[in-house]
Amino acid sequence: YVGDALKNSYGVDVNLKQAIEWLIRSADRGNGSALNSLAMWVDMGEGVEQNIPHAFSLYYKSAEKGNATGQYNVAICFEQGHGTHKQTYQAEIYYEKSAQNGNESAMFKIGIIMFQSNRQYKGIEWLGKAALIGNTNAREKIFDLYQTSGLKSNDIDIMLNNNEFKKIFVKNTSGDYDEILEKMINLLKKSFIHTQYNSSNSWSYGRQYNYQNYGIGCNFDDM
């Protein structure tokens with residue numbers, strides 16, 4: 001995007017004011033990526049006055065446009081109470097939305113949340129998806145869960161006898177160990193099959209808040 005290119009000097013002269021102008025124009029047209037980028041600048045106070053609640057509103061607009069990174073950032077804001085009220089149930093909703101849109105960090109996060117809240121089967125599913133596309137945190141978690149599970153598989157257990165295997169397994173995301181990884185995932189899922197339909201959520205997933213009425217803009221005369 002032009003705004004990001006201007007900011008980061010990707011083949012152009014740095015012009016922060018112009019970069020923000022381009023981002024705002026794109027954001028005003030509803031571009032989800034531009035909304036998220038602008039939110040980050042407002043969040044950090046880079047080139048514009050820092051305004052964390054306004055940054056959240058921009059993240060939220062980005063998320064509602066279906067931007068996976070925007071959805072992930074909204075989830076973080078809800079989880080931490082950053083620019084909005086802390087709302088764990090909303091955080092989970094947006095982590096899962098982001099994961100469904102392919103964000104591997106969100107896949108890992110929602111996997112951990114579900115695994116730790118008596119939804120281990122679904123948690124393993126999300127951790128497995130993240131691991132198979134190369135998320136090293138997810139690969140390490142799957143490895144650790146299998147190693148401490150008491151599950152047995154001859155071809156996997158031979159590998160586990162090598163003290164250096166974990167380091168190699170976690171860092172090698174080229175696909176060399178995907179067959180072993182898939183076996184670990186499937187064995188873990190089978191061990192938690194009884195939790196497949198668990199739902200420990202007491203809240204309503206239909207409960208949403210309207211953050212749409214926030215304007216996008218910046219007075220460059222004050223910069």
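Please keep in mind that the model is predicted. I'll start with the secondary structure. There are 12 helices and 0 strands in the protein. Read from the N terminus, the order of elements is α-α-α-α-α-α-α-α-α-α-α-α.

Next, some totals. The protein has 223 residues, and 46% of them count as buried. Its accessible surface is about 11700 Å², with 46% of that area belonging to carbon and sulfur atoms. If we take contacts between residues at least 6 apart in sequence, 55% join residues at least 24 apart.

The largest nonpolar core contains 56 residues. Which residues have the most contacts inside it? They are Leu38, Val74, Tyr94, Ile124, Ile142, Phe169 and Met184. Take valine 74 from that list. Setting aside neighbours within four places in sequence, valine 74 is in contact with Phe56, Tyr59, Tyr60, Ala63 and Tyr94.

Last, a helix pair. Helix α3 covers residues 32-44 and helix α4 covers residues 52-64. Their axes are 8 Å apart, and the packing angle is about 165°. Angles over 145 degrees count as roughly antiparallel, so α3 and α4 are roughly antiparallel to each other. The crossing of α3 past α4 is left-handed.

Definitions and conventions: Residues numbered from 1 in each chain as written. Predicted model: local features only at pLDDT ≥ 70, side-chain atom pairs only at ≥ 80, totals over all residues. Heavy atoms only, no water. Helix = DSSP H or I, 4+ residues; strand = E, 2+ residues; numbered from the N terminus. Buried < 20%, exposed > 50% of the residue type's maximum accessible area, 1.4 Å probe, protein only. Contact = heavy atoms within 4.5 Å. Areas by Shrake-Rupley, 256 points an atom, 1.4 Å probe, with all protein chains shown as cover. Core = buried A, V, L, I, M, F, W, Y, C linked by side-chain atoms within 4.5 Å. Axes fitted to C-alpha atoms, helices over the stretch in contact; angles between N-to-C directions. Parallel < 35°, antiparallel > 145°, perpendicular 65-115°, else oblique. Left-handed = near helix turned anticlockwise from the far one by under 90°.
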